[in-house]
Amino acid sequence: MTEEEGVHPATASKVAEITLAFWILKILATTLGETAGDYLSMSLDLGYYAGLAITLAVLVVVLAAQIKSRALHPLLFWLAIIATTTAGTEVSDFMDRSLGLGYALGSALLVAGLLLTLACWYMRAGDLTVYPLYRKDSEIYFWLAVLFSNSLGTAFGDFLTDNIGLTFLQGAAVTATIILIVGVLHYSKSLPDVLLFWIAFVFTRPFGATFGDFLTKPVEAGGLNLPRDYASLTTLVLLLAILFISTRRTDKRYEKR
């Protein structure tokens with residue numbers, strides 16, 4: 001326990017530690033966000049306006065709880081990630097199908113929003129440190145950047161499959177290659193870690209999303225045609241299992257110190 005904050009060292013930061021488990025959980029969260037978002041708007045036939053309203057309402061409640069908390073609560077943190085990625089699915093689809101902007105223009109607008117958020121964050125805090133993250137204002141910028149990143153990742157993933165014509169597996173291969181390159185650059189120290197983090201954060205979104213599409217889209221479209229609720233539940237169970245294992249390992253690591 002830290003004397004100043006009175007919290008476990010692993011939970012002093014409001015953002016989870018950036019480990020391999022973090023990225024696995026991020027991909028699963030984006031897969032869940034894709035299938036859950038499509039379940040709301042398509043399977044339940046609520047439409048993009050209602051789906052967007054529901055996901056944004058849930059997002060506001062979850063983020064308010066996350067930002068209000070004094071320490072990191074892993075389940076709440078990842079629930080917030082899932083909420084942003086589900087809302088990101090609805091935002092991207094709303095921009096393309098309801099506003100008619102198309103995925104290319106939508107992606108450009110989301111890139112501008114992400115860059116503006118990061119610029120404001122840097123001017124406010126003097127750096128863009130993601131982990132550890134303690135300041136409340138920086139955390140608000142972090143979550144705004146996360147929302148833009150997840151929306152951008154959705155739009156880019158749909159651009160690969162709908163505009164370029166790649167299959168879901170081909171789209172996943174493209175984004176997986178980008179993620180692999182980011183990993184190589186990270187270990188070679190060729191670029192700043194903050195820049196690589198946000199590139200990876202953006203592109204893990206379409207990787208998870210295209211995998212979600214692969215699970216639920218019709219066979220003739222290159223998918224497995226699994227029910228969206230079944231795919232969402234399966235992904236959620238897997239996410240919770242990995243979260244439980246990674247949290248236990250983190251606790252044991254700090255207990256040995």
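User: How many of the 25 residues of α3 are buried?

Analyst: This is a predicted model, in which local features need pLDDT of at least 70 and side-chain atom pairs count only at pLDDT 80 or more, while totals for chains, interfaces and linings use all residues. Residues are numbered from 1 along each chain as its sequence is written, and side-chain values use heavy atoms, with hydrogens and water left out. Buried means under 20% relative accessible area, exposed over 50%, and partly exposed in between, with a 1.4 Å probe and protein chains only. Helix α3 is largely enclosed by the rest of the structure, because the number of its 25 residues that are buried is 20.

User: What distance does helix α3 reach from its first C-alpha to its last?

Analyst: Helices are DSSP runs of H or I with at least four residues, strands are runs of E with at least two, and both are numbered from the N terminus. The expected span of a helix is 1.5 Å times one less than its number of residues. For the 25 residues of α3 (residues 74–98) the expected value is 36 Å, and the distance reached is close to it, at 35 Å.

User: Which residues is W143 in contact with, leaving aside its neighbours within four places in sequence?

Analyst: Contact means heavy atoms within 4.5 Å. With those neighbours set aside, the contacts of W143 are L63, Q66, I67, F77, A80, I81 and T84.

User: Where do the buried residues of α6 lie, seen down the axis of the helix?

Analyst: The buried residues of α6 are F168, G171, A172, T175 and V182. The arc used here is that of the directions from the helix axis to the C-beta atoms. Seen down the axis of α6, the buried residues fall within an arc of 95 degrees, so they line one face of the helix.

User: What do the buried residues of α6 pack against, and which residues are exposed on the other side?

Analyst: The buried residues of α6 pack against α5 (136–163) and α7 (193–216). On the other side of the helix, the exposed residues are L169, L180, V184 and Y187.

User: How far apart are the closest N and O atoms of K14 and E139?

Analyst: A salt bridge is a side-chain nitrogen of Lys or Arg within 4 Å of a carboxyl oxygen of Asp or Glu. K14 is buried, with a relative accessible area of 4%, and E139 is buried too, at 1%. These two residues form a salt bridge, and their closest N and O atoms are apart by 2.9 Å. The pair links distant parts of the chain, the segment before α1 (20–43) and helix α5, which are joined across 125 residues.
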